[in-house]
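Here is a short tour of one protein model.

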Amino acid sequence: MQKTKMFVLFAIVILTWGTTWLAMKFALVSMPPIFATGLRFLSAAPLLLWLLHITRSSLLFPSGHRFFQFCVFLFCFCLPFTLVIYGEQYVNASTAAIIFAGMPVAVLLISIVVLNAPTSLMQLIGSLLAILALFYLLQEESRTTLGNNWKGAFAVLVAVTMHAFMYVQCKKRSCQVSLFTFNALPCLAAGLLLTLTGIIVEKPEVENITWLSFSSIVYLGIVASVFGILCYFSLQKRISTFNTSLVFICFPVIAVILECLVMGRVFSPTSWILLAVMLCGVFLSLIPVEKRKMASTPKRLLD
C-alpha cells in the first residue's frame, strides 16, 4: 500500500510538472508574460494563505532571515518565473522543460562553489555530459525553429541558475521554515507586483483574454504552483532525495510527448538521442557520493 501511494505521488508530480510548460504556452496566447505570471501567483496565493492559516504557520521568516525572505520573493518567484514564460515566447514548451531538467546539475555545480560540497568523479562526468548534450540539443532544435530561440533558451537558463542558487542558499543558511511560510507571502507579493507591472508596462487587453489562457493561468496557479509542490514535498518525506530527484528525468519526456500530441510538434530522432544522453548525464549527477565522503562533511550542509 505504501509503495502504491509513493508511485501515485510520483506519477502526479511528473504529470503536473510535465504539463506546466504547455500550460504556459497556452497562457501566452492572449496574455503578455509579466501580466500572466502575476495572475498565476495571485491565483495561487489565497490557497497558500489558507493552508498557512490552518497549519498555524508563520507568515514571516524567523528574525535574522527576513532579508532572505525578500530574496526568495525576488529570485524564487518574480524573476525566474517571469523569465521562463518570457523564454517560452521564443522556444517550444518542451525545450523549456528540457532546459529546466538540468536543475540538479546546476545545484551540484553551485554547491561545489558555495558549500564546498563533496563530489564524485561520476557526478562531474554526468554534469559535463548533460551540459554538452543540452548544448547540441539546442543547436539541433534551432535548425527547425525560426526566431530568437537562443534568446528564449538563455532566459530559461538564467531562471534555472537563480532557482539553483537559492536552493543552495537555503541549505547554507539552514533556514528552517514551513513549506507554506516559504511560499505564501512571496507568492502574494510577487503576484501583486507583477500584475501591476504588467498592467502598466505591457497594457494587456483584458477583453481579449481567451478562456484557454485564463484556464491555463488557473491551472498553473492552483495545480502546478500549489498541488504539484505539495505532492513533491510529500514524496520527498517518504523516499530518498535521490529517488525524488528522478522527477527531473521523467517530466521533460512527458512535456515532449504532450507537445508532439497536442501541438503536432516533430521531435527528430537526433533530438531524442541527445535528450536521452542529457538525461543520463543528469542521472549520473544525482548519484550520491560515497558514504565515507559524506561523513566528513558538516551535518549542517546535508540537512
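## A serine and its neighbours

Ser57 touches Leu52, Ser178, Phe180 and Thr181, leaving aside residues up to four places away in sequence. Contact here means heavy atoms within 4.5 Å. Ser57 sits in the loop between α2 (33-54) and α3 (66-87). Helices are DSSP runs (H or I, at least four residues), numbered from the N terminus.

The side chain of Ser57 makes a polar contact of 3.0 Å with that of Thr55. Another, of 3.2 Å, joins the side chains of Ser57 and Ser178. A polar contact is a pair of N or O atoms within 3.5 Å, where one must be able to donate a hydrogen and the other to accept it; residues adjacent in sequence count only if both atoms are side-chain atoms.

## About the model

This is a predicted model, with local features needing pLDDT of at least 70 and side-chain atom pairs pLDDT 80 or more, while totals for chains, interfaces and linings use all residues. Residues are numbered from 1 along each chain as its sequence is written, and side-chain values use heavy atoms, without hydrogens and water.

## A salt bridge

The count comes to 2 salt bridges. The term means a side-chain nitrogen of Lys or Arg within 4 Å of a carboxyl oxygen of Asp or Glu. One joins the side chains of Arg265 and Glu141 (1.9 Å, N to O). Arg265 lies in the loop between α11 (247-263) and α12 (269-286), and Glu141 in helix α6 (residues 121-142), so the pair ties together parts 124 residues apart in sequence.

Notes:
Helix = DSSP H or I, 4+ residues; strand = E, 2+ residues; numbered from the N terminus.
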